[in-house]
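Me: I would like to learn how to read strand pairing, helix packing and backbone exceptions in a model. Please take one feature at a time.

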Amino acid sequence: MSAGAGQYSEALAAAARHAQEWLESLPDRHVGPGAAAHDLVDVFAGPLPPQGMPAAEVVDYLALKAEPGLMAMPSGRFFGWVIGGTLPAALAADWLVSAWDQNSGLRYATPAIAAIEEAAGRWLLQLLRLPEDADVGFVTGATMANFTGMAAARWRLMADAGWDLDRDGLAGAPRIRCFVGQERHDTVDLGLRYLGLGRPAAVPADAQGRLIPAELDRMLSEGSGPAMVCLQAGNLHSGAFDPFDEAIGVARRHGAWVHIDGAFGLWAAAVPELADLVRGMELADSWGTDAHKTLNVPYDCGIAIVKDSNALRSAMGLHTSYLIHDAEGPGDPFEKVPELSRRGRGVPVWAALRSLGSDGVAAQVRGLADAAARIAAGLAAVDGIEVLNPVDYTQVSLAFGDDTTTRAVTARVIEDGKVWMSGSRWQGRDVLRVSVSNWSTDMDDVGTAVDAVTSAFAAVRTGKA
Ligand SMILES: *Cc1c(COP(=O)(O)O)cnc(C)c1O
């Protein structure tokens, strides 16, 4: 036997054992990490020894030493930022992707991955009710999904203005006017910065963070030339959705490209009862979302969706002749994303979707929103706790009187470790933010969350009295 299979088995068995132990610890463990990075650097640092270590021992060492510094992010009691867990089928499929080790840029070289990702892409378009002929690319997250959509926008707007971006670059090019809602995610600005498009104009938003279409209209009218409008499905603090119907109508009248950042909110489209939130969303030109949030696949996985496949492939394709291109319609995976070499990250998406089925996807998203509503209702009943947003989707923002008290409650909740929630600032106030994004969050976890916040608040009040 050549060096091969036998040498993997011990290390893989060790990894499976440690993974199992980690997952089994999730229902009960303190959610926050027990050690800070500065406590752990010495464990992993030091000079690299000249001698190696057997693979299984490396895995044992990692698992043992990393454990105190792990956050229970895949736990149903984790409500921080917007962070999904991992569905069993998606996690196992992700292991397979690593074992298969397919460099997934070329359809001809890795036909299985290409076929699986194309199927996943079609399922996604159906579930999210987006145009069935749109191009789908698998990227690392919503930041890159938004970047990819906006890169296609940049290419199209330049081409329509008669500017050859590929040949001449940005210097001397017509300026693209970029508009975002006041409460867009900061990574949208980052994508625009990567693209050399500068700082966008922020369109005023209403009390829940929804862009105001009349303001967009006014701002678009104040200038002329190519324009891009980036809307949002799912506000970090309120879960609110921009009014797509109206805002896209306005953008169209001004000839603007419309991109939607729907990192976690795009998934509302999979739930018939939530259809009102996303009405008109399908009329945009491009969309970015995450699979590692609401869908619950492992990091890192985002999805870029672009209707104008010519613009996307022109922006992302390589235009070289040494690669063996596939002449068929779907095109090569590398033409739709920034990377050439990459893992088959669409495979866990296929596995997640196949394990849930379309009803299961809807049930999962509906379940997250239901759990958020229950947490909000449970806490709204407590005297002194304010729920700052109508909870139509997965996000809840809470305040506890003044900022000092809210910050103290947040610190207390995190220290107690029964649940984990983020402190944040929203509309000039400190808030405790709850995001329900984990498929495994159940009614027990909802109860735990309500109890944890209620008792942290009581403790802070007592301490002050
Ligand atoms: C998380 C998030 C992003 C960024 O996504 P990453 O996956 O972290 O790159 C962008 N927009 C919104 C609304 C988000 O919630």
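Me: Which residue in β6 is the bridge partner of D261?

Reply: Strands of a sheet pair through backbone hydrogen bonds, either parallel or antiparallel. In this predicted model, D261 has G288 in β6 as its bridge partner. The two strands involved are β5 (residues 257-261) and β6 (residues 286-290), which pair in the parallel sense over three bridges.

Me: What is the strand order of the open sheet formed by seven strands?

Reply: The order is β1-β7-β6-β5-β4-β2-β3, and the pairing is mixed. The edge strands, each pairing on one side only, are β1 (135-139) and β3 (201-203). From one strand to the next, the twist averages 20°.

Me: Which strands does α8 lie across?

Reply: Helix α8 lies across β2 (177-181), β4 (227-232) and β5. Its direction is at about 165° to that of β2. Another helix to look at is α11 (residues 309-316), which lies across β1, β5 and β7 (302-306) and runs at about 35° to β1.

Me: Now the helix pairs. At what angle do the axes of α6 and α8 cross?

Reply: The axes of α6 (residues 142-160) and α8 (residues 186-194) cross at roughly 45° and come within 9 Å. That angle makes α6 oblique to α8. The crossing of these two helices is right-handed.

Me: Which residues of α6 and α8 meet?

Reply: From α6 the residues are T143, M144, N146, F147 and M150; from α8 they are T187, V188, L190, G191, L192 and Y194. By class, the contact of α6 with α8 has seven nonpolar and four polar residues, with no charged ones.

Me: How are α9 and α10 packed, at what angle and how far apart?

Reply: Helix α9 (residues 213-221) and helix α10 (residues 244-253) pack at about 10°, with axes 9 Å apart. That makes α9 roughly parallel to α10. Their crossing is right-handed. In the contact, P213, L216, D217 and L220 of α9 meet E246, A247, V250, A251 and R253 of α10. These residues divide into six nonpolar, no polar and three charged.

Me: Are α4 and α12 roughly parallel or roughly antiparallel to each other?

Reply: Start from the angle: the axes of α4 (residues 88-100) and α12 (residues 346-380) cross at roughly 150° and come within 8 Å. The two helices are therefore roughly antiparallel. The crossing of α4 and α12 is right-handed. Residues A89, A90, A93, D94, V97 and W100 in α4 meet V347, P348, A351, A352 and S355 in α12. By class, the contact of α4 with α12 comprises nine nonpolar residues, one polar and one charged.

Me: Turning to the backbone, which residues does a cis peptide bond join?

Reply: Y299 and D300 are joined by a cis peptide bond, for which omega is about -5°. D300 lies in the loop between β6 and β7.

Me: Which residue has a positive phi although it is not a glycine?

Reply: That residue is W81, with a phi of about 35°. W81 is placed in the loop between α3 (55-66) and α4.

Me: Last, the domains. How is the protein chain divided?

Reply: The division is into domain 1 (3-72), domain 2 (92-352) and domain 3 (358-461). The C-alpha centres of domain 1 and domain 2 are 35 Å apart.

Definitions and conventions
Residues are numbered from 1 along each chain as its sequence is written. This is a predicted model: local features need pLDDT of at least 70, side-chain atom pairs count only at pLDDT 80 or more; totals for chains, interfaces and linings use all residues. Side-chain values use heavy atoms; hydrogens and water are left out. Axes are lines fitted to C-alpha atoms, for helices over the stretch in contact, and angles run from 0 to 180 degrees between N-to-C directions. Helices (H or I, at least four residues) and strands (E, at least two) are DSSP runs, numbered from the N terminus. Angles under 35 degrees count as roughly parallel, over 145 as roughly antiparallel, 65 to 115 as roughly perpendicular and the rest as oblique. A crossing is left-handed if the near helix is turned anticlockwise from the far one by less than a right angle, and right-handed if clockwise. Contact means heavy atoms within 4.5 Å. Ala, Val, Leu, Ile, Met, Phe, Trp, Tyr, Cys and Pro count as nonpolar, Asp, Glu, Lys and Arg as charged, and the others, Gly among them, as polar. Domain bounds come from an automatic or database domain assignment. Two strands pair if DSSP finds at least two bridges between them.
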